[in-house]
Amino acid sequence: MTLDVAWAQRWVRRTAAVIGEHKNELMELDRQIGDGDHGENMNRGFTAVVAKLDALEEPPAQVGDLLKLVATTLMSTVGGAAGPLYGTAYLRAAKVAGLDELDAAAVVAVLEAGLEGIVARGKATTGEKTMVDSWSPAVQAAQTAAADGAAPGAVLEAAAQAAEAGVLATVPMLATKGRASYLGERSVGHRDPGAASSALILRAAAATAADPDLGTAA
Ligand code: ADP
Ligand code: MG
């Protein structure tokens with residue numbers, strides 16, 4: 001599978017569908033350690049992204065153009081902590097994706113840029129029970145897979161699996177960043193909602209790279 005702008009569009013559309021399907025679950029996770037709005041915020045954001053894509057007369061020319069559209073739309077529609085964090089992630093990712101298609105190294109670069117954006121914006125490190133705890137293992141797994149010669153789709157698969165494991169690893173963590181940190185010890189024992197939505201995004205990337213029928217507009 002070629003990871004070109006057509007794939008990136010399927011990735012984004014698939015993300016919107018999956019975020020919609022998991023909206024209530026993300027709300028419930030955020031009710032446990034936050035204010036319960038994460039599912040609604042993310043669903044509003046990705047619904048707006050799809051509406052913008054549907055309204056375009058010309059599809060985005062390159063992966064980077066598409067990711068930039070996602071970034072600006074999420075920044076203006078998601079709100080909360082996650083809006084600026086994801087907005088910055090997609091914006092940084094867009095800058096390294098000014099290519100017609102992503103090879104394994106470019107996939108790694110996109111994921112690294114996304115993580116750098118989240119860290120630049122939120123100043124969290126691993127172990128603080130945030131979306132960094134999905135992204136950081138995902139980036140590491142992607143780097144390892146690419147260094148082992150994996151194809152771009154396999155790099156994404158490695159990233160998605162590591163992100164999903166990262167979500168589970170947030171359960172015993174004590175939140176020290178974001179709204180969940182207000183709960184102190186009571187933040188322990190729950191999955192972090194932002195880590196969970198991040199894993200959905202990365203899983204959508206891997207799934208659309210593996211299956212050309214996923215994320216098509218129809
Ligand atoms: P809010 O907390 O403003 O209601 P959301 O509910 O949309 O925002 O998003 C909450 C998620 O944002 C958390 O689960 C966590 O993953 C992420 N988050 C919050 N603060 C930070 C931070 N400083 N760095 C990284 N991620 C963060
Ligand atoms: Mg919230």
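The model is predicted, so local features need pLDDT of at least 70 and side-chain atom pairs count only at pLDDT 80 or more, while totals for chains, interfaces and linings use all residues. Residues are numbered from 1 along each chain as its sequence is written, chains are lettered from A and ligands numbered from 1 in the order in which they are written, and side-chain values use heavy atoms, with hydrogens and water left out.

**The magnesium site**

Let's start with the metal. The magnesium ion (ligand 2) has Asp-30 (OD), Asp-35 (OD) and Asp-37 (OD) as its protein donors, at 2.1 to 2.2 Å. Donors here are N, O and S atoms within 2.8 Å of the metal (3.2 Å for Na, K and Ca); water is not among the atoms, so sites may look incomplete. Along the sequence, the donor residues follow the spacing D-x4-D-x1-D. Asp-35 is partly exposed at 37% relative accessible area, and Asp-37 is also partly exposed, at 26%. Buried means under 20%, exposed over 50%, and partly exposed in between (1.4 Å probe, protein chains only).

**Ligand 1**

There are 20 residues around ligand 1, and Asp-35, Ala-81, Gly-122, Asp-192 and Gly-194 come nearest; a residue counts as near if one of its heavy atoms lies within 4 Å. The table lists polar contacts, which are pairs of N or O atoms within 3.5 Å; within protein, one must be able to donate a hydrogen and the other to accept it, and residues adjacent in sequence count only if both atoms are side-chain atoms.

| Residue | Residue part | Ligand 1 atom | Distance |
|---|---|---|---|
| Asp-37 | side chain | oxygen | 3.0 Å |
| His-38 | side chain | oxygen | 3.0 Å |
| Gly-122 | backbone | nitrogen | 2.9 Å |

Taken alone, ligand 1 exposes 560 Å², and the protein buries 92% of that (Shrake-Rupley method, 1.4 Å probe; for residues, only the protein chains shown count as cover). Two or more residues of the shell come from each of α3 (38–55), α5 (82–96) and α9 (193–210), with α9 giving the most, three residues. Helices are DSSP runs (H or I, at least four residues) and strands are E runs of at least two, numbered from the N terminus.

**Two lysines in one loop**

Lys-123 lies in the loop between α6 (104–122) and α7 (132–147), and Lys-129 is found there too, between α6 and α7. Most residues other than glycine have a negative phi. Lys-123, however, has a positive phi near 60°, and Lys-129 a positive one of about 65°.
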